[in-house]
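Here are my notes on this model, point by point. Please read them with the structure open.

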Amino acid sequence: MSDPVVRELSMMEAIREAIVQEMRRDPRVILLGEDVGKFGGAFHVTHGLLEEFGPLRVWDTPISEAGFMGVGVGAALTGLRPIVELQYADFIFCAMDQVVNEAAKLRLMSGGQASVPMLIRAPQGATGRGAQHSQSVEAWFMHTPGIKVVLPSTPYDAKGLLVSALRDDNPVLFLEHKMLYGSASPGGGKATTDPTIGQLGRVVPADPYAIPLGKADIKRAGRDVTVVATAVMVHRALAVASQLAGEGIEVEVIDPRTLVPLDSETILASLRRTHRIVVVTEDTRRAGVGAELMATILEEGFDELDAPVIRVCAVDTPIPFAPAAQDHAIPNTADILAAIRRVLE
Amino acid sequence: MNDFTAVLAPFDFTGMEREFLLGMHRRMVQAREFEEQLYYLFLSRPMPGTMHQATGQEAVAVGIVSALAADDYVTSTHRGHAHCVAKGVPLDAMMAEMFARRTGSCRGMGGSMHLCDFSRGMLGAFGIVGAGIPIAAGAALSARVRGSGQVAVSFFGDGATNEGIFHETLNMASLWKLPAIFVIENNQYALSMRVQESSAMPNLAERGAAYAIPGMQVDGNNVAAVYQAAAAAVARARSGEGPTLIECITYRARGHARFEASGYREAAEVERWKRLDPILRMAEALQNAGLATAAELAQIEAEVHAELEAAIAFAESSPAVEPEDYLQYITLETTHV
């Protein structure tokens, strides 16, 4: 028996591979979204799918986010497993009613008759495109009962999590950080790669595999301080951890990978080893994911803390356009470093 | 629609068997009796939640659904009891849901505004105006992908035609020639707002033209006329020609919600529409055509009344929802990994 094939893939390629493999495996999987067909998706994730699967599986929609989200809900209620792609996560607010009032509530409202196995994919995060193409939306949906939220940081995780998300019987929001795609946007060839991103998780098995939702991953083990980070912030935390290792400080970096369900046990177990913890997210501070993680840590791990919990989050602002302003608004490695030093004092 | 008489149609039973016609009549009586009983329940005892009556609109629900197969799909509104009755949702389970009992259609988790029965293609009443419209289109798209031959109907009120989702969905459904039927229940009022006050173009059927969808206005208090319009739309949908927009002109005989007094409309208008009651008109038409006697129709009413008494007894004797029941319905803990 030959060894399984592994290659390096970008996150964009890993997500595409997961979709293609699942569509080959399960005829109930269809794709709906703006420019997902002949254009191949705004970030080329769905490139080639129309050719392989045809127009009954890959639906190029008009610019009607509320409408095609509702079509996805109806298809999911009646035997299909739709993937609904939003061109940018910011556009999900046009479809908010269908996500929050229908997809997320139908199971309970129907007394368990309905299931809505719909996967919503949405690119998010700050990439210099201004306030309406840059925000991180996860807190809105982490707050919404009835929908799961996935936020991968590496190509390896993205492929395995996407497979699980697609096979889940609940609505799942799969948020893809644009700076992690590792591809250029087709329009302007604008690079979508963060300078801190290294080779982490680029090796991806060719065969399908599933990473369960609700299982955090320790991206780097360390005894002195725990950093819980998501998406791009995982990479920035890892860069800081490498730097501090030179000083003999061992930072443990945990990526929850899914915010709903949240693997609080892995985070608390790490806290029980390090007794110091920093939370880093790209979403804004007020009532954000950082606040929720911090509350969980305080409620369940207060006695383990040797220092106050610190959260490092984006400033409570719409993301400004000017690159220097954007960079100021979202956490950088210096912010993370300062927070770690404070909890180590 | 200022001049209702323009769409008032004589009853034409061509091609309809007596049993089928009496069956439609019985369904209308069931829907009426269900809501009348509910009305008195709300008056006479503490009932959970609220309810919106479709009294006077029964011919729309029954006429449309009578043109469907059992496995075709329906989405409904906050005013959805009649659609459920028409789709054959058991009266016992519907009534138990009103009482918030475990035996309810939705296990006591939905209530009046979220009634559904997936085993009968009843995908849900939606309490958000217009929300069911794209969901029906999605069910129609699903039927196309699966090659099942099913069609999907969305019922919604005149008010919903001013929601953006109505326009987005009609455009997509027409582009893709989905097997869908969009039914406007024009009951003249969106709560207190008359159609003429809320719609720049009060002839709502004409809105279909903007999306290359045939739109028709039908006498919505004539169950036979509604059925004929629906049958044509179903045939068109099943043959792959695409969706139809049917505007059924009808009237909300009672207030918006349970005891809302509707002081914004004139008594003469209400009285005029009482004379156009869809059940009275059907009863008269059946007798005029020699298809039923007054005694036979009274017998149907007595039977339905007994069914509803039994439904209320079933609901009253059913176990109440336990406080923690809901916890099992938030997410479905199965995956297929």
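1. Two residues are in contact here if their C-beta atoms, placed from the backbone, lie within 7 Å. By that cut-off, 39 residues of chain B are in contact with 41 residues of chain A. Strand 2 (122-125), helix 5 (132-146) and helix 6 (164-175) of chain B each give two or more residues to the side of chain B that touches chain A. Helix 5 of chain B supplies the largest share of that side, ten residues. By class, the side of chain B that touches chain A has 22 nonpolar, 14 polar and three charged residues. Bear in mind throughout that this is a predicted model.

2. Chain A as a whole. Its secondary structure comes to twelve helices and 14 strands. The radius of gyration of chain A is 20 Å, close to the 20 Å that the globule rule gives for 345 residues, so chain A is as compact as a globular protein of that length. Along the principal axes, the C-alpha trace of chain A spans about 60 × 50 × 45 Å. Buried residues make up 57% of the 345 residues in chain A. Take the contacts in chain A with a separation of 6 or more: residues 24 or more positions apart account for 78% of them.

3. Chain B as a whole. Here the secondary structure comes to eleven helices and eight strands. The radius of gyration of chain B is 19 Å, close to the 20 Å from the globule rule for 337 residues, so chain B is as compact as a globular protein of that length. The C-alpha atoms of chain B fill a box of roughly 60 × 50 × 40 Å along the principal axes. Of the 337 residues of chain B, 53% count as buried. Among contacts in chain B between residues at least 6 apart in sequence, 75% join residues at least 24 apart.

4. Helix 8 of chain A. Does its length agree with its residue count, or disagree? At 1.5 Å a residue, the 14 residues of this helix (residues 232-245) should span 20 Å; the end C-alpha atoms are 20 Å apart, which agrees.

5. Helix 8 of chain A is mostly covered, with ten of its 14 residues buried. The buried residues are A:V232, A:M233, A:V234, A:H235, A:R236, A:A237, A:L238, A:A239, A:V240 and A:A241. What covers them includes strand 7 (172-177), strand 9 (217-220), strand 10 (225-229), strand 11 (251-255), strand 13 and helix 12 (333-344) of chain A.

6. A cis peptide. Which residues does the cis bond join? They are A:V260 and A:P261, with omega about -5°. A:P261 lies in the loop between strand 12 (258-260) and helix 9 (264-274) of chain A.

7. Positive phi at A:H275. This residue is not a glycine, yet its phi is about 65°. A:H275 sits in the loop between helix 9 and strand 13 (277-284) of chain A. Is A:H275 buried or partly exposed? A:H275 is partly exposed, because 18 other C-beta atoms lie within 10 Å, and a buried residue needs 20 or more.

8. Positive phi at A:A287. Phi is about 50° at A:A287, again not a glycine. A:A287 is found in the loop between strand 13 and helix 10 (289-301) of chain A. A:A287 is partly exposed, with 13 other C-beta atoms within 10 Å; the exposed class takes 12 or fewer.

Terms used. Residues numbered from 1 in each chain as written. Chains lettered and ligands numbered in written order. Predicted model: local features only at pLDDT ≥ 70, side-chain atom pairs only at ≥ 80, totals over all residues. Helix = DSSP H or I, 4+ residues; strand = E, 2+ residues; numbered from the N terminus. Expected span 1.5 Å × (residues − 1). Rg over C-alpha atoms; globule rule 2.2 N^0.38 Å. Nonpolar A, V, L, I, M, F, W, Y, C, P; charged D, E, K, R; others polar.
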